[in-house]
Amino acid sequence: MRGILRSPDFRRLWLADGLSQVGNRIDFLVIPLLATTTLAASVVEVSLLRTLSTLPYLLIGLQAGAWCDRMRNLPVLITADLGRALLIGSVPLAAVFGSLTLVHLYVVVLLAGAFTVFFNVAHSTYLPNLVERGQLPEANARLQTNLSVAAIAGPGLGGFIVQFIGSAGAMAVDALTYVWSAAWLRRIRTPDVRPEPAERNLRREIGEGLRTVLHNPILRAIALHSAASSLFQSMFMAVSMVFMVRDLHVAPFMIGLLGTVGLFGALLASGVARRLGARFGAARALYFGAAVYSVSFLLNAFATQGWGLAWWVAGGFGSSFGIIVLGIFETSFQQAITPRELLGRVSSVSQTVVFGITPLGSLIGGFIAELTTTRVTLYVCGIGILATSTILLASPLRTMRDLPD
């Protein structure tokens with residue numbers, strides 16, 4: 001093993017994160033598929049699943065950041081994994097006894113989303129405790145590799161399980177990945193030091209995080225770009241499954257296979273991102289990722305049956321490549337710029353604006369699809385993401401090359 005993976009504790013965090021990402025990808029495919037096929041949900045009802053899964057960012061996102069700055073992060077990560085395992089595991093149990101309903105799925109995705117809020121905030125806050133500032137791009141690239149592998153393995157694995165043993169089996173596998181992730185996290189030995197006791201004022205602490213993002217032009221640009229692109233991406237995700245199943249008549253296994261082929265771009269991005277940053281600088285690599293992501297996303301709207309599915313594969317490949325490169329360097333800039341004692345709050349502000357806007361995007365996507373067609377919705381999403389790239393072009397990043405000291 002080379003580089004950052006020589007650190008045993010980072011390796012454990014990396015393995016735990018990979019398992020958690022696989023679990024996320026399986027339920028990302030299976031839950032809406034379960035609602036669409038087994039429960040015959042409408043496009044609006046399916047989009048509501050996406051809405052509820054990210055609604056906790058609006059409800060508790062900012063508070064979670066302040067709380068994570070007050071406490072040790074490792075127990076938060078373990079608790080979040082185990083909580084999601086119990087919730088996801090309740091779905092196959094309900095299916096076995098014939099009592100599964102849409103309301104049950106709504107409750108599961110809402111509560112699991114709350115655990116995900118704490119997991120993501122604590123994860124971003126905890127990483128700088130394990131690695132040095134100069135290692136952040138490499139560490140984030142390794143973690144993004146997990147996202148890439150999960151993006152490739154998750155849909156294919158989920159589609160395969162659904163095809164042969166049903167959606168309930170896929171959800172059971174999903175629950176087990178969270179348990180395994182928690183087991184790896186428990187093996188981390190680096191001391192997770194509790195922050196120094198201080199006078200607590202939740203409103204003031206949240207305000208400090210908000211002001212840090214709003215007053216720093218780089219953090220502000222990253223947050224605005226992420227939020228705007230997240231709006232259109234959530235619109236896309238809300239209707240994409242319905243588009244594939246009902247418009248293109250693609251079988252569940254083939255949906256997983258197409259996603260797997262297209263998302264090889266994410267795996268490629270994870271492998272070359274560090275080289276791009278080393279050769280051209282972190283800021284220029286960030287811009288390159290944004291450009292590829294913005295241009296490629298529109299290609300999905302051109303997909304048709306038969307050979308026309310190649311548009312879907314090309315769009316998935318390019319957008320996955322771009323968003324991974326973009327994510328690696330946006331996260332590294334955020335972690336390098338933010339004071340250590342504010343990492344939880346700045347991370348929560350960023351994630352709240354990104355994920356907090358997705359319920360709105362999911363609802364808008366569902367209603368546009370009802371009023372027009374799912375294909376029109378995909379065109380709107382592609383053009384919108386292309387337009388959001390102007391936010392980064394207007395930021396101070398255009399005059400930078402590397403991460404600030």
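Me: Before anything else, when do two rings count as a pair, and which plane angles make a pair stacked, tilted or edge-to-face?
Reply: Rings of Phe, Tyr and Trp pair if their centres lie within 6.5 Å. Planes under 30 degrees apart count as stacked, over 60 as edge-to-face and the rest as tilted.

Me: How many aromatic pairs does the structure hold?
Reply: This is a predicted model, and it holds seven aromatic pairs. In one of them, the ring centres of Phe-236 and Phe-297 lie 4.9 Å apart with the planes at 70°, so this pair is edge-to-face.

Me: Where do Phe-236 and Phe-297 sit in the chain?
Reply: Phe-236 belongs to helix α7 (residues 217–247) and Phe-297 to helix α10 (residues 282–297). The two are 61 residues apart, and their pair links distant parts of the chain.

Me: Buried or exposed, those two?
Reply: Both Phe-236 and Phe-297 are buried.

Me: Which residues do ring pairs link into a cluster?
Reply: The cluster consists of Phe-236, Phe-243, Tyr-293, Phe-297 and Trp-312.

Me: What about a charge over a ring; which residues are involved?
Reply: The charged end of Arg-84 sits over the ring of Phe-119, 4.5 Å from the ring centre.

Me: Changing topic: how many helices and strands are there?
Reply: The chain has 14 helices and zero strands.

Me: What does the radius of gyration say about the overall fold?
Reply: For 405 residues, a compact globule would have a radius of gyration near 22 Å; the chain has 20 Å, which agrees. Its C-alpha atoms fill a box of roughly 55 × 45 × 45 Å along the principal axes, and 57% of the residues count as buried.

Definitions and conventions:
Residues numbered from 1 in each chain as written. Predicted model: local features only at pLDDT ≥ 70, side-chain atom pairs only at ≥ 80, totals over all residues. Heavy atoms only, no water. Phe/Tyr/Trp six-rings, centres within 6.5 Å; stacked < 30°, edge-to-face > 60°. Helix = DSSP H or I, 4+ residues; strand = E, 2+ residues; numbered from the N terminus. Buried < 20%, exposed > 50% of the residue type's maximum accessible area, 1.4 Å probe, protein only. Lys NZ or Arg CZ within 6 Å of the ring centre and 35° of its normal. Rg over C-alpha atoms; globule rule 2.2 N^0.38 Å.
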